[in-house]
Amino acid sequence: MRIISGKHKGRNLQAPKKLPVRPTKDMAKESLFNILNNSYYFPDLKVLDLFSGTGNISYEFASRGVNDVLAIDAHSGCIEFIDKTVSLLDMNIRTLKSDVFTFLERNKEQFDIIFADPFYDMELSDFEKLPQLVFENKLLSEDGVLIIEHSNRTSLADLPHYKNSRKYGGSVFSFFEK
């Protein structure tokens with residue numbers, strides 16, 4: 001995995017092969033950040049990275065100047081890898097080992113961008129719970145956005161707060177707003 005832009009541009013990171021992850025492809029990640037770059041000033045953002053896996057998305061935000069990133073994953077190996085990388089690169093990324101749904105039910109912080117990259121084969125009912133919990137618990141700031149990455153075989157277009165989606169190969173980013 002590679003950090004595309006910012007302070008650590010071009011930096012390659014090698015995650016342990018034993019982690020249960022599917023990092024976002026560089027082409028899709030670069031396209032996503034081009035979209036976000038047109039709408040947000042990164043140093044002012046507070047970002048939540050759900051199902052953070054290797055921390056790929058968190059590193060990209062931090063490299064681009066975001067000083068408040070929270071990465072959540074239930075797998076201890078993923079959290080350990082993120083913590084090790086954060087220490088190596090001196091990034092402002094906090095980590096929390098937690099079930100994402102439990103976190104969303106209990107959390108009281110608000111975020112400008114919430115990015116979720118669950119397993120592509122997650123049940124549709126669980127995909128539906130993500131925006132439901134985010135909006136019920138008022139976890140987005142006024143101009144915030146929830147972005148869910150999913151397979152092109154899954155459609156989230158009928159869910160409340162859905163705004164639009166962008167497709168990159170077999171991956172789709174669905175955007176949700178207030």
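The following legends describe views of a predicted model of one protein chain.

**Figure 1. Overall fold of the protein chain, with five helices and seven strands.** Read from the N terminus, the order of elements is α-β-α-β-α-β-α-β-α-β-β-β. The radius of gyration is 15 Å, close to the 16 Å that the globule rule gives for 178 residues, so the chain is as compact as a globular protein of that length. The C-alpha trace extends about 40 × 35 × 35 Å along its principal axes.

**Figure 2. Interior and surface of the protein chain.** Of the 178 residues, 52% are buried. Among contacts between residues at least 6 apart in sequence, 67% link residues at least 24 apart. The chain carries 23 positive and 25 negative charges, whose mean positions lie 5 Å apart.

**Figure 3. Helix α5, residues 124-136.** This helix has 13 residues and spans 18 Å from its first C-alpha to its last, close to the 18 Å expected at 1.5 Å a residue. After α5 comes Lys138, which has a positive phi near 50°.

**Figure 4. Buried residues of helix α5 and the elements they pack against.** The buried set consists of Phe127, Leu130, Pro131, Leu133, Val134 and Phe135. In an α-helix there are 3.6 residues a turn, so residues three or four places apart point the same way. The packing partners of the buried α5 residues are helix α4 (100-106) and the strands β4 (111-116), β5 (140-151) and β7 (171-176).

Note on methods:
Residues are numbered from 1 along each chain as its sequence is written. This is a predicted model: local features need pLDDT of at least 70, side-chain atom pairs count only at pLDDT 80 or more; totals for chains, interfaces and linings use all residues. Side-chain values use heavy atoms; hydrogens and water are left out. Helices (H or I, at least four residues) and strands (E, at least two) are DSSP runs, numbered from the N terminus. The expected span of a helix is 1.5 Å times one less than its number of residues. Buried means under 20% relative accessible area, exposed over 50%, partly exposed in between (1.4 Å probe, protein chains only). Contact means heavy atoms within 4.5 Å. The radius of gyration is taken over C-alpha atoms; the globule rule is 2.2 Å times the number of residues to the power 0.38. Lys and Arg count as positive and Asp and Glu as negative; His and the chain ends are not counted. The place of a charge is taken as NZ of Lys, CZ of Arg, CG of Asp or CD of Glu.
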